[in-house]
Amino acid sequence: MKHFLRMLIQVCLYFYCTFLWRCLKFVMRKLTGRCELQRICYNTKPGASRTMKIETSLRGSKSKLLQTSVSVHLDAIEKTIEDIMELKKINPDINPQLGISLQACLLQIVGYRNLIADVEKLRREPYDSDNPQHEEMLLKLWKFLKPDTPLASRISKQWCEIGFQGDDPKTDFRGMGLLGLYNLQYFAERDTTAAQQVLSDSLHPKCSKFSKAEWEQKRMDKAIGYSFAIVGINITDLAYNLLVSGALKTHFYNIAPEAPTLSHFQQTFCYLMHEFHKFWIEEDPMDIMEFNRVREKFRKRIIKQLQNPDMALCPHFAASEGLINI
């Protein structure tokens with residue numbers, strides 16, 4: 001009975017708040033002469049703040065046109081904007097900036113949805129050792145990370161040197177599918193120096209010529225090492241969950257002037273790899289068994305940062321160079 005009453009109260013509050021909100025929107029429209037979309041575009045700076053408010057407004061609208069506008073095809077956005085302007089009785093000649101701003105927001109909103117689909121497709125595709133393209137990507141990963149060390153054979157214990165668990169890396173890609181390999185190769189190819197440095201650091205102290213006592217005396221090893229490739233796949237999982245949950249909207253809406261792409265996602269992965277490596281050293285774990293604790297603490301820190309509507313995780317990356325205010 002108590003549970004039923006609680007549910008009833010929640011339902012009543014929902015409908016009351018919805019009714020109150022619609023009344024408030026009606027009053028604001030009469031007072032300002034502008035609809036909610038106009039008020040958001042004119043009063044909120046471009047970026048995540050504006051786009052997320054527009055998205056909330058469209059999804060919460062009682063109009064079917066506005067509700068479905070967030071899921072149209074990219075090619076249909078321009079026509080959708082025209083239909084919205086007509087529905088809201090807004091003259092595009094008098095309000096030309098509104099159409100431009102709405103288009104920019106919808107490109108980001110629809111693009112984010114499409115990005116999730118693209119990432120999910122890669123995650124669901126398993127690594128196939130009979131696929132020449134998959135094999136080529138894997139061998140490129142080795143060449144970028146270990147350019148001076150030839151790989152003796154495709155099946156080799158050498159793979160452990162870059163952080164895989166066994167002599168055939170394909171078994172390690174089961175959790176994240178091709179997405180893990182795509183991200184690792186992107187990091188190794190686009191940010192080779194940093195990737196090689198992170199790999200080198202991750203190997204210490206177990207692959208160092210110094211003994212553990214010597215490392216401690218020289219203060220060169222602040223944290224225990226970890227498996228580079230396995231951690232990369234784990235950070236891919238983190239980036240994937242941040243994307244799917246919507247947490248990365250703040251970041252992408254601030255750095256992508258239009259639709260966020262797979263490259264934006266991969267650049268974000270590179271950033272997370274950089275930051276996790278620094279965080280791991282700062283945490284100074286006792287052993288690798290603390291990995292889950294450190295990862296969870298790192299995840300919470302990233303989520304907290306993303307709650308800031310002005311946050312851009314990696315504004316220095318190439319993805320942000322085209323950021324413009326519309």
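Here is a short chat about aromatic rings in this predicted model.

Guide: Ground rules: the model is predicted, local features need pLDDT of at least 70, side-chain atom pairs count only at pLDDT 80 or more, and totals for chains, interfaces and linings use all residues. Residues are numbered from 1 along each chain as its sequence is written, and side-chain values use heavy atoms, with hydrogens and water left out.

Visitor: How many aromatic pairs turn up in the whole structure?

Guide: The search finds 15. Rings of Phe, Tyr and Trp (its six-membered ring) pair if their centres lie within 6.5 Å; planes under 30 degrees apart count as stacked, over 60 as edge-to-face and the rest as tilted.

Visitor: Why is the pair of Phe187 and Phe269 called edge-to-face?

Guide: The centres are 6.4 Å apart, within the 6.5 Å limit, and the planes stand at 90°, over 60, so edge-to-face it is.

Visitor: What makes Tyr226 and Trp280 an edge-to-face pair?

Guide: Their centres are 5.7 Å apart and the planes meet at 80°, so the pair passes both cut-offs.

Visitor: How do you know whether Tyr226 is buried or exposed?

Guide: Buried means under 20% relative accessible area, exposed over 50%, partly exposed in between (1.4 Å probe, protein chains only). Tyr226 has 3%, so it counts as buried. Trp280, at 1%, is buried too.

Visitor: Which residues do ring pairs link into a cluster with Tyr226?

Guide: Phe276, Phe279, Trp280, Phe291 and Phe298.

Visitor: What makes Lys249 sit over the face of Tyr112?

Guide: A charge sits over a ring if NZ of Lys or CZ of Arg is within 6 Å of the ring centre and within 35 degrees of the ring normal. Lys249 lies over the face of Tyr112 at 5.7 Å from the ring centre.
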